[in-house]
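Dear colleague,

Here is the structure I promised to pass on. My notes follow below it.

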Amino acid sequence: FSISTYNKMWTDAQKDLDIQLRREREEFLQPEKDRVKVFNMLATSYIKYMQIFRKLEMAHDQLVHQQKRTVIRQVLDGVIGRILEMKKEMVELENSEFHYIDNILEDLKLLPEDIEVPIPRYFIKEKLEVLQQREKILDQILLNAGLQTQKPLKAMTFEEAIKIIQVAERARQGRCRAAFMKQIYLEEKKDRQTKLQVQMGPHPDDAATCIQKVWHGYIQRKKTEKMREEEMIFLGMSLPPHHLKATSISQMRTGQTNALQGEVQERHEEVFVKDKLRETEGLNIKETLQDQISQCFMECRHIIGKFPDYPTEEAGGSMAILSQKTPEQVAAELAAKEEMALQKKAQKGKKEKEEKEKAKGKKPQKTGKKEEEEGWKMAPSNFLSIMEEGNSQYKAVWQNRDEGWDFLQDHDLELIKEEKREEVEEEIRVQVDELMQQKLENLKLAVDGEKSDKQKRRRSEKVRQQVRRIQVMSLVHRTIDSLYRELVEEGLLIKAKTVNLSDYIGEYSYLGTALRQVDVEPMPSLADVRQLIALYGILPLGSQTVHEKAPLVKALLLAGPTGVGKKMLVHAICTETGANLFNLSASNIAGKYPGKSGLQMMLHMVLKVAKQLQPSVVWIGDTEKIFSKTVPKAEEEMNPKRLEKILPKFLKALKAQDRVLLVGTTNRPFDANVKPFCKVYQKIILIPRPDYASRFGKYFNQVLWKHIILQNGGAITNLLNISCLAKVSDGFTQGHIVQAVQAVLSELRLLQMTRKPLRTAEFMTSLARQDPVYKEEEETFK
């Protein structure tokens, strides 16, 4: 039963998380000077969190119960964020984006697949309808603008068309003739049987035997089926009859991995519960709040001699005064506030005095000694509190919960009521605040004779609003739809290719630790690249909570030789997160939006649409040209350096809440001015050519040569030596291998595949015509 399986998976993940949180509290709070020990601690925790992440993601995707999914989602976001924080600490400790932890994996008896970063499926599922609708709109705009054509029909000659029509017509006539002849045959057979029955008639004994045979068979099957069901119920392998209906519904809904339907159903139930609570308890809540606020007014007037000012909406409204405090505590708080104000005033005067002395030439005396370095200490986390809250919620509500009665596994009404009661109270409190604010002003006027300064506030607020309107009107005079359409028509917003991160095939490096022990820096593997793309590109873009609180990565640079799959990775980020793709490559924006004002307007439009329809990826191909030392004469008209000064401002405009990522790709990063180049791209990922393990993949099913040959319609036989091809193609990239395979597997060669299998030597010629990545170029990249 799948529900019990995924419930157990969730339980195991929560137990592992509880152990890990205990370790966090015990180990990471103590300073540590041994850097090797620190890295081992961090790497072990990273692996443990990755295993918890995989279990939670699977349980969240497969469970149907919406309230369980909500709790899992909270913990899942916390675990993702903590993984990114761990990664940041490891990078700062080793001064490298790539880490080699094969020795730790060996100690824990784990495989590299166990730390592969899973892509949460809710990134796409939760907004599937929106993405499908956006894709339709994009296709229609491209079609109308002539930038995309419908799939072309196969052209044929007039004679070929006539032959196809003749074949179809002859087939139609044959089918009609066959049907007609069949009808005649059946009619003749029926006539013969009728004549025979009239002449002889059926024998009564034969008819009785036939009926008995059918009846005995039917009864025996029913008895056997009933006995089997009773036996299964007795053995505990099946549920009693009165539970079968509920079980079948549960199994059917468990099979539906798409959670959208369940969420819509729960939303309807939540609305119903909320309306019911508002109807039954709303009046009592309103009266209670009004009484409490009135009592606070009277107590405050009794203590300080006048009515207090009503707290603003930003300060929390009546929540700020509805505290469980006695009048004496309120008076003490007010006195403390006055004392604090006096202290601040004194400090301000002291500061001004120091500044005056400094201006006269006197140096203020320095106090205290330089703190001694105690060793490495873990930085404070933004996600530990989220995980601990989710963990405590699991323990309080779900850990020991009896769910034997809940066959549908959809939602719990009592839990919904508890959640929605708070929302109803908050809505009613806002209404009560408006009434009580007016009442307080009337009391002040009637009792104390004070005039409300609300009119003054209103006037100043009106002036502020007018200023804001003037500023905003220049920005929002156009709709997002019109800006979106213009960017698509100009070719700045393009359609991302559908490619998953798992399609980027590459093996793990098993010699990384051994090479570093002899002071040799190994080249990163393709599996390491895939992991960094998931950590820096996909996970933050997919989750708003993670992006806001995790270490912020605004820009990512993918650097590597031609053909290693840089553009493919850009498209994979968009596919896995459902992000829009903007192309701001120098070649793409050449001649568009000329001048400084045109450039500013273009970037403003891109930024506005990217933020509004987030997540978004802004891609700059051949990005080294923007920061190049000298512009070649052939590229002067393209003006590749026009983005150089404005790009840092573009990044500065991106805040933590904006799920927008700048991705640059380059095959010649050494041509750029290093200082401004590295200032823009805070994360640089080196993508190497594939190693032997990635090209051959002996131990795992990630075989680059085999995958590309099968993808292009080829067939693998014993005559094709994949190991030999992997060895010979040392130095060549994935792009080179694709070109070689496509050159060999032409339409004619595919037709000959059955009688003439592929041989190793066929790929050698086309591979030899291409230039490999030489060792000198690889060293330059490093």
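E1 and strand E3 (residues 580-583) pair in the antiparallel sense, over two bridges. Two strands count as paired if DSSP finds at least two bridges between them. Ile494 has Leu581 as its bridge partner in E3. Strands (E, at least two residues) and helices (H or I, at least four) are DSSP runs, numbered from the N terminus.

This is a predicted model: local features need pLDDT of at least 70, side-chain atom pairs count only at pLDDT 80 or more, and totals for chains, interfaces and linings use all residues. Residues are numbered from 1 along each chain as its sequence is written, and side-chain values use heavy atoms, with hydrogens and water left out.

The sheet is open and has six strands, in the order E1-E3-E4-E5-E2-E6, with mixed pairing. Strand E1 (493-494) and strand E6 (683-686) are at the edges with a single partner strand each, so one side of each lacks a neighbour in the sheet.

Now E5. Strand E2 (residues 555-559) runs parallel to E5, joined by five bridges. Ala555 is opposite Leu662 in E5. Strand E4 (residues 616-621) also pairs with E5 in the parallel sense, over six bridges. There, Val617 is opposite Leu661. E4, helix H22 (residues 647-652) and E5 form a right-handed β-α-β unit (right-handed: with the strands pointing away from the viewer, the path from the first strand over the helix to the second runs clockwise).

How many residues of strand E5 (residues 660-666) are buried? Seven of its seven. Buried means under 20% relative accessible area, exposed over 50%, partly exposed in between (1.4 Å probe, protein chains only). Val660, Leu662, Gly664 and Thr666 point one way; Leu661, Val663 and Thr665 point the other way. In a regular strand the side chains alternate between the two faces of the sheet.

Next, the aromatics. There are seven aromatic pairs (ring centres within 6.5 Å, using the six-membered ring of Trp; planes under 30 degrees apart are stacked, over 60 edge-to-face, the rest tilted). Trp215 and Tyr218 have ring centres 5.9 Å apart and planes at 35 degrees, so this pair is tilted. Trp215 is exposed at 51% relative accessible area. Tyr218 is partly exposed at 39%.

Phe670 and Phe781 make an edge-to-face pair, 5.4 Å centre to centre with 75 degrees between the planes. The two are 111 residues apart, and the pair links distant parts of the chain. Phe670 is partly exposed at 26%, whereas Phe781 is buried at 12%.

Best wishes
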